[in-house]
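Here's a quick tour of a two-chain model, written for someone who likes to know the cut-offs. Have the viewer open as you read.

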Amino acid sequence: MLDLDNVTVRYANRVTALEKASAGFGKGQFVVLLGPSGAGKSTLLRCLNGLVRPSSGSVRSEMGNILSGSAALRAHRQRTGMIFQQHHLIGRLTALQNVLMGRLSFHNTFRSLLPLPRADRIIGLEALDRVGLADRALQRADQLSGGQQQRVGIARALAQQPHIILADEPVASLDPATADKVLALLHRICREDGITAIVSLHQVDLARRYGDAIYGLAGGRIVFDGQACALDDVMLDTIYGTASTPSAQPGPIQPEQTPARLKMAKIA
Amino acid sequence: MSQSQTYATILAEERRGGFRRAALAATILLVCIAALWITGFFDGRRFADGLPALGQLATEMVPPDFGRWQHWLRPLLDTLAMSIAGTVLAVIISLPLAILAAPNISPNGLLCQVTRTLLAFLRSVPEIILGVIFVAAVGFGALPGVLALALHSVGMVGKFYAEAIEHVDPKPLEAARAAGATPLQVITHSVLPQVFPQLADITLYRWEYHFRASAVLGIVGAGGIGFELMAALRLIAYDQVSAILLSILACVVVVDALGARLRKALK
C-alpha cells in the first residue's frame, strides 16, 4: 500500500531527522509510530505525503513513486488525508469551510474560487456527522473546544474520502480522557472504511491498545518493528532511552498506563 | 556590612542607567531644537509680520460663502468616485504584488526582492508628482487623479498586504498542501481567508486617505473638488475657500464613519 525504502532526511541545518528508515504499511492496517518527541515521527509521516522530501531513498504507493512529479504527488495527496497535532484549522472560518479544504484537490484552481458544488458540501457535512459535529457545521472553528477542533481536523481528512490517513500526534494536545475518545473515534472510522492509518503517538498504552503494528523510533532510526505484544520493557527502554529524560518522558510510562488500564477494565 | 555594600552597588547601577537615559533625552531635545532653528522657527520678526496677515485671512474666511454650492456637488461626487476607483485599482494591482513580495509564500526569492524594491519605488513617488505626470499624459479630469492615487497607493498597500501575509499562521497552509491543494489554492483558500480582516482594514484606511488625497490632487488639475478649491484660491475668494474646506471636512467625516462601520462588519 505504502512503502518507505531506505529513507534518510537531513535538514538544511545538517540535523539528520531520519536515518535509513524502511517501513511498509499494509492495506487497512492501523499502524502506530511510537517514540519520544524528536525521534523523527513527524518527519517520517511527512515523507509519506511529500511534505518533506527525503535526502535519499524513496517512497512508493500502489501508483508508484509519489515524488515522480507534481501531478503524481497531488494525486497521492488527494487519496491521503492528514491529521495534525494542533489541528491546523483556520479559526475564523466555520467548521464546514475548514472541512471543505479536503475537497479542494477535486477541483481545479479556478473552479475552487467559486463556492464548491452541493455534492462536495454534502460530503463535508457527512464527514462532520461521522465525528458527531454536524450541528456545529456553521460555527467558527475557534469557538470549538480542543477535542471538537481535532474532530473537525479528522472530518477534513475524511472529506477527501481517503485510502490512507496520516495522523501526527493527533491526541497530544488533548487531556487524557478526550485523547482516548478522539483516538477511539479515529480507529473506528478507519476500521469501518478500510482506511490505512499511520498514527504517531508517544503514549505507550494507546499504542498497545490500537496498533495492529508498531514502529518504534529513537534518534531518527526505526528501532522496533512488530506487534504490540512484542513491545516489552526492554524494547521500551531502547525507544525512550533509560531514565535520561526524567520528567518529559517518564521511562516505561507506568503511571499513565495504570489508570488507563483500570478504565478499560471498567468499560469491559 | 556586605548587605549595605550590595545595596550601594544596586543603587550605583541604577544611577548609571539614569545618566544614560538623561543623556539620551538631552540629545533628542537638542536635535528637536536644532530642527526648529534650521527651519526658521525662532525668527521672531517673521511671526510678528505674519500674525496680522493670518488674522486678515481669517476674517476674510468668515463667514464662509456657500453661494456656489450647486457647482460643488458634482466635483465632490467626482472626488468620492475618484477615491473609490483609486482604491479598487490599488487593491487589484497590490494583491498579486503582495503575494510575490511576501517571503513566506513568494515563488522565488529574487522575484520577492524585485517586487519589494518596486513597491518601495512606487511609495517614494508622491501622488502629486504622479498627478502632474498623468495630467500631462491623459489630460485634465478625474482619470489622471485615479491613476495617480492608485499607483502611489500600490506601493503602500502592497507593502502592508505583504506584511499581513508574511505573518500568516503556516499550519493551515501545510494542511491545505497535505490535502493536495495546488499552490494557488493554498493562497486562495488558506492564506487569504486568514488575512482577510487585515486586508479589509488596510483597504478601508486607504480609501479614507484617498478621499483626502484626491481633494489635493485637484489642485494640479486632476479633477474633483480640489479643482474648485484651486479656482477659489486663484480668485482670492477666501470665503469660498473656507466653505469648500468645510464641505470637504463634512465629507471626510462621513467617509471615515462609513469606513469604521464597514471595518466592523468585515471583522
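Strand β3 of chain A pairs with strand β9 (residues 213-218) of chain A over four bridges, and the two run parallel. Strands here are DSSP runs of E with at least two residues, helices are runs of H or I with at least four residues, and both are numbered from the N terminus. Two strands count as paired if DSSP finds at least two bridges between them. Within this pair, V31(A) sits opposite A213(A) in β9(A). β3(A) also has strand β8 (residues 196-201) of chain A as a parallel partner, this time through five bridges, and there L33(A) faces S200(A).

Before going on, a word on what you're looking at: this is a predicted model, where local features need pLDDT of at least 70, side-chain atom pairs count only at pLDDT 80 or more, and totals for chains, interfaces and linings use all residues. Residues are numbered from 1 along each chain as its sequence is written, while chains are lettered from A and ligands numbered from 1 in the order in which they are written.

Is β3(A) enclosed or in the open? Four of its five residues (30-34) are buried, so the strand is largely enclosed by the rest of the structure. Buried means that 20 or more other C-beta atoms lie within 10 Å of the residue's own; exposed means 12 or fewer, partly exposed is in between, and the C-beta atoms are placed from the backbone.

Chain A also has an open sheet of four strands, in the order β2-β1-β4-β5, with antiparallel pairing. Its edge strands are β2 (16-25) and β5 (64-65), each of which pairs on one side only. Strand β4 (residues 56-61) of chain A meets β5(A) over two bridges in the antiparallel sense, with R60(A) opposite N65(A). As background, strands of a sheet pair through backbone hydrogen bonds, either parallel or antiparallel.

N6(A) is found in strand β1 (residues 2-10), whereas Q161(A) is in the loop between α5 (146-159) and β7 (164-168). Here are their values:

Chain A has nine helices and ten strands, while chain B comes to ten helices and zero strands. Chain B's radius of gyration is 26 Å, well over the 18 Å that the globule rule gives for 267 residues, so chain B is more spread out than a compact globule. That radius is taken over C-alpha atoms, and the rule is 2.2 Å times the number of residues to the power 0.38. The C-alpha trace of chain B spans about 80 × 70 × 35 Å along its principal axes.

Buried residues make up 43% of the 268 residues in chain A and 36% of the 267 in chain B. As for contacts (C-beta atoms, placed from the backbone, within 7 Å of each other), take the ones between residues at least 6 apart in sequence: 67% of those in chain A join residues at least 24 apart, and in chain B the share is 72%.

α2(B) bends by about 25° at G50(B), and a proline, P52(B), follows within four residues. The bend is the angle between axes fitted to the seven residues ending there and the seven starting there. The number of buried residues in α2(B) is zero, so this helix lies largely in the open. In the loop between α2 and α3 (69-101) of chain B you'll find P63(B), joined to V62(B) by a cis peptide bond with omega of about -5°.

Finally, the cores. A nonpolar core is a set of buried Ala, Val, Leu, Ile, Met, Phe, Trp, Tyr and Cys residues joined through C-beta atoms within 7 Å. Which residues have the most contacts inside the largest core? They are L34(A), A155(A) and I165(B), in a core of 116 residues. Helix α6 (residues 142-166) of chain B gives the most to this core, with 13 residues. A second, separate core has ten residues, including V241(B) and I244(B).

Methods:
Contact = placed C-beta atoms within 7 Å.
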